[in-house]
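Please keep the sequence and the model in view while reading the points below.

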Amino acid sequence: MSHLSANEKTAVRAALRQERERLLAALKSALEESGQTQYAEVLGRASGDSSDEALAVTLGDLSAARVEHELRALKAIDAAKGRVEEAGFGLCEECDARIPVARLIANPAATRCVKCQDHFEHTFAGQAHASF
Ligand SMILES: [Zn+2]
């Protein structure tokens, strides 16, 4: 069982939805500004949850640097949406500590507790291209 109550899960789901909409809007305007209107149109049609996968496939090979960050965040959000119902949702992937619900609402794609996230960022900061 997840440590989150039904109400807390509802709040996290709402946060995920909001974050997803924000990212979609950011992606759309970045695509429009860069003239990639064919992708912007796909995003415009992709409101609602049913087209998640089609969207990911369509955008999967999109490599424009400007949208990469949003795209990655969007995928993290979609992955988190799939995890909400799982038993381990809300547990730190490093140390199994319970991630406070306030953190999950503020950052619904979080997979680590604050302590492990700090450690991760200090350890891997600036080493994004290192192989390990
Ligand atoms: Zn942890």
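The model is predicted. Just after α1, Gly 35 takes a positive phi of about 80°.

**Helix α1**
- Helix α1 covers residues 6-33, which makes 28 residues.
- From the first C-alpha to the last, α1 reaches 41 Å, close to the 40 Å expected at 1.5 Å a residue.
- The buried residues of α1 include Val 12, Leu 16, Leu 23, Leu 27 and Leu 31.
- Glu 19, Arg 20 and Lys 28 of α1 are also buried.

**The largest nonpolar core**
- The largest nonpolar core has 13 residues, and those touching the most other members are Leu 16, Leu 23, Leu 27, Leu 74, Ile 77 and Ala 80.
- At least two residues of this core come from each of α1 and α4 (65-83).
- Helix α1 gives the most to this core, with 5 residues.
- Leaving aside residues up to four places away in sequence, Leu 23 touches Glu 70, Ala 73, Leu 74 and Ile 77.
- In soluble globular proteins, nonpolar side chains tend to be buried together.

**Leu 4, before α1**
- Leu 4 lies in the segment before α1.
- Leu 4 is classed as partly exposed because 19 other C-beta atoms lie within 10 Å, whereas a buried residue has 20 or more.
- Leu 4 and Val 84 are 80 residues apart in sequence, and their C-alpha atoms are 9.5 Å apart in space.
- Beyond residues up to four places away in sequence, Leu 4 touches Lys 9, Val 12, Phe 89, Gly 90 and Val 101.

Terms used
Residues are numbered from 1 along each chain as its sequence is written. This is a predicted model: local features need pLDDT of at least 70, side-chain atom pairs count only at pLDDT 80 or more; totals for chains, interfaces and linings use all residues. Helices (H or I, at least four residues) and strands (E, at least two) are DSSP runs, numbered from the N terminus. The expected span of a helix is 1.5 Å times one less than its number of residues. A residue is buried if 20 or more other C-beta atoms lie within 10 Å of its own, exposed if 12 or fewer, and partly exposed in between; C-beta atoms are placed from the backbone. A nonpolar core is a set of buried Ala, Val, Leu, Ile, Met, Phe, Trp, Tyr and Cys residues joined through C-beta atoms within 7 Å. Two residues are in contact if their C-beta atoms, placed from the backbone, lie within 7 Å.
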